[in-house]
Amino acid sequence: MKKFEERLEKLEKISDDIRSSDIPLEKALSLFEEGIKLAKGLEKDIEKMEGKIEVLLNQPVLPEEDPELDLFTITENV
């Protein structure tokens, strides 16, 4: 499977090629079909990445055992 970035670049090239007015209709249709497939695959990958990010953001934060520095302890001035 190609990397996400490679497939995105390919989709951008297809988009540019389709916009070119000097390609035959059959070629444009073929490129469009390939572009749709790439776009759907990229969309699925993005959804997977978003799911992973959501899981990471919603993981419970475990309290640290002992802080290394006493930056957050309250001390009374004597």
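Which residues gather in a patch of positive charge on the surface? They are K40, K44, K48 and K52. Patches are built from residues with over 30% relative accessible area and no salt bridge, joining like charges within 9 Å and nonpolar side chains (Val, Leu, Ile, Met, Phe, Trp, Tyr) within 5 Å. Lys and Arg count as positive, Asp and Glu as negative, while His and the chain ends are not counted. The place of a charge is NZ of Lys, CZ of Arg, CG of Asp or CD of Glu.

This is a predicted model, in which local features need pLDDT of at least 70 and side-chain atom pairs count only at pLDDT 80 or more, while totals for chains, interfaces and linings use all residues. Residues are numbered from 1 along each chain as its sequence is written, and side-chain values use heavy atoms, with hydrogens and water left out.

**Overall build**

The chain has 2 helices and 0 strands. Helices (H or I, at least four residues) and strands (E, at least two) are DSSP runs, numbered from the N terminus. Helix α1 covers residues 4–19. Helix α2 covers residues 25–57. Of the 78 residues, 10% count as buried. Buried means under 20% relative accessible area, exposed over 50%, and partly exposed in between (1.4 Å probe, protein chains only). The chain exposes about 7700 Å², and carbon and sulfur atoms supply 58% of that area. Accessible areas come from the Shrake-Rupley method with a 1.4 Å probe; for residues, only the protein chains shown count as cover.

K52, a member of the positive patch, sits in helix α2. K52 counts as exposed because its relative accessibility is 61%.

A nonpolar patch is formed by I18, L29, F32 and I36, with about 360 Å² of accessible area together. Helix α2 gives the largest share of this patch, 3 residues. F32 lies in α2. F32 has a relative accessible area of 49%, so F32 is partly exposed.

Not counting residues up to four places away in sequence, A28 touches I18 and I23; contact means heavy atoms within 4.5 Å. The C-alpha atoms of A28 and S15 are separated by 9.7 Å, with the two residues 13 apart along the chain. D45 is also found in α2. D45 has a relative accessible area of 12%, so D45 is buried. Leaving aside neighbours within four places in sequence, D45 is in contact with F4 and R7.

**Salt bridges**

A salt bridge is a side-chain nitrogen of Lys or Arg within 4 Å of a carboxyl oxygen of Asp or Glu. The count comes to 5 by this rule. The table includes three.

| Pair | N to O distance |
|---|---|
| E34 and K10 | 3.8 Å |
| K13 and D17 | 2.9 Å |
| R19 and D16 | 3.7 Å |

The E34–K10 bridge links distant parts of the chain: E34 is in α2, K10 in α1, 24 residues apart. E34 is partly exposed because its relative accessibility is 31%. K10 is partly exposed too, at 33%.

K13 and D17 both lie in α1, 4 residues apart, about one turn of the helix. K13 counts as partly exposed at 47% relative accessibility, and D17 as partly exposed at 25%. R19 and D16 also lie in α1, 3 residues apart, about one turn of the helix. Both R19 and D16 are exposed.
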